[in-house]
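Please open the model in your viewer and keep the selection panel at hand. The tour moves from one selection to the next.

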Amino acid sequence: MTRLDCLKILAPLLKDEDLVVTALGWVAGEWHSVRPKDSNLYQINMGMCAPLSLGLALVLPHRRVVALESDGSVLLYLGNMTTLANKKPKNLLVVVFDNQCYMATGGLPTATAGVTDLAAMAKAAGIVHSYETRSTAEFEEHARAALGREGPTYIVAKVEAAGKRLSTNMDGKESKYRFVRYIEKSEGIKIIGTHAMRRD
Amino acid sequence: MKAEYATIVHEALKEAGINFVAYLPDDQIHDAQKLVVEDPSFTTVAVTNEGEGVAACAGAWLGGGKPALIIADSGLLVATWPLASLTVSYGIPILVLIAHRGAVGDRANWRFITYKFTTEPLLDTLQIPYVSARKPDETKEAITGAQLSAALWQHPVAVLLSGEILRDE
């Protein structure tokens, strides 16, 4: 099973208005290739994708938020599992693509190449719906179930250390503006602008 | 922190429009953190480290919230990576409220000289503008002004609280 296999399964399960945040690395370009929507925010740096998605999910509780994480990134801020578990955002799905290595930087192994089990850790942290998946059929079953119930759900997809170096063709600031303007439009709110001076 | 000073901080955050707070408990600013946590008009997240809190605040802003991170000097050291690579790089406005020990003349022991050497230079290095408030009557304007600049600049801005405003007596 590759990450791209999983992304191709996940994309048609989501609604256009579902918000998707990707970690840094090849996952961003791969996701953009299968679902190039304004409701995507790309390339959130190491450790920050799931915590950022938590903040987003808490301020927009009526919107579905999906974090596309990686093993290396999650390992940097492991404590975040406990924060997710205790805040219990009903609208958050975290998918960790666990290829057991730091692939984008050369492929040295992560802790999950050894004895570490991220899904078991998430469950022990208190995220009741935590699962490890090793086949595309299993991944689809868990993704469908997650999108059909109240979360949070934490899916660890064990994937091959393989990927495509695809580009989103935008930098972080462009991704931010695109995403924020989409939120403003879809929520009918102002986020960026001089309205702050009027405190409205 | 005296109860009346904690109220000043809490009310200034409300007046600044802050509605989302990530925090890691610190004894110097505990009383203000407690008022915020107990106020249902704030969404609060108790984080396990301050870097995680920066990311949660960034997500809150992207979704239309007005976030603040309430931490101590030590937390600023922990938070440097997300502050640099997320809020500064992308231009994401978050208010960073820091209980700052280590000002000259502060009633702080040997441990806190570290923060005399780190806090302000770090903020300068990270290119995070900041304003300091030592007196209760400076605090409200520092907080509301920092939030206004953060929003208009799309950039994190810090407030350093020190001296009298942090004192218990």
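Select chain B together with chain A: the area buried between them (the accessible area, with a 1.4 Å probe, that two parts lose on being put together, summed over both) is about 2,700 Å², and carbon and sulfur atoms give 66% of that. Within chain B, pick out Leu62(B), Trp81(B) and Tyr90(B), which lose the most area to chain A and together account for 25% of what that side buries. Across this interface, 34 residues of chain B are in contact (heavy atoms within 4.5 Å) with 37 residues of chain A.

This is a predicted model, in which local features need pLDDT of at least 70 and side-chain atom pairs count only at pLDDT 80 or more, while totals for chains, interfaces and linings use all residues. Residues are numbered from 1 along each chain as its sequence is written, chains are lettered from A and ligands numbered from 1 in the order in which they are written, and side-chain values use heavy atoms, with hydrogens and water left out.

Next, select Arg101(B), in the loop between strand S4 (95–99) and helix H5 (113–126) of chain B, where helices (H or I, at least four residues) and strands (E, at least two) are DSSP runs numbered from the N terminus. Is Arg101(B) buried or exposed? Arg101(B) counts as buried because its relative accessibility is 9%, buried meaning under 20% relative accessible area, exposed over 50% and partly exposed in between (1.4 Å probe, protein chains only). Leaving aside neighbours within four places in sequence, show the residues in contact with Arg101(B), including Asp73(B), Tyr115(B) and Leu166(B).
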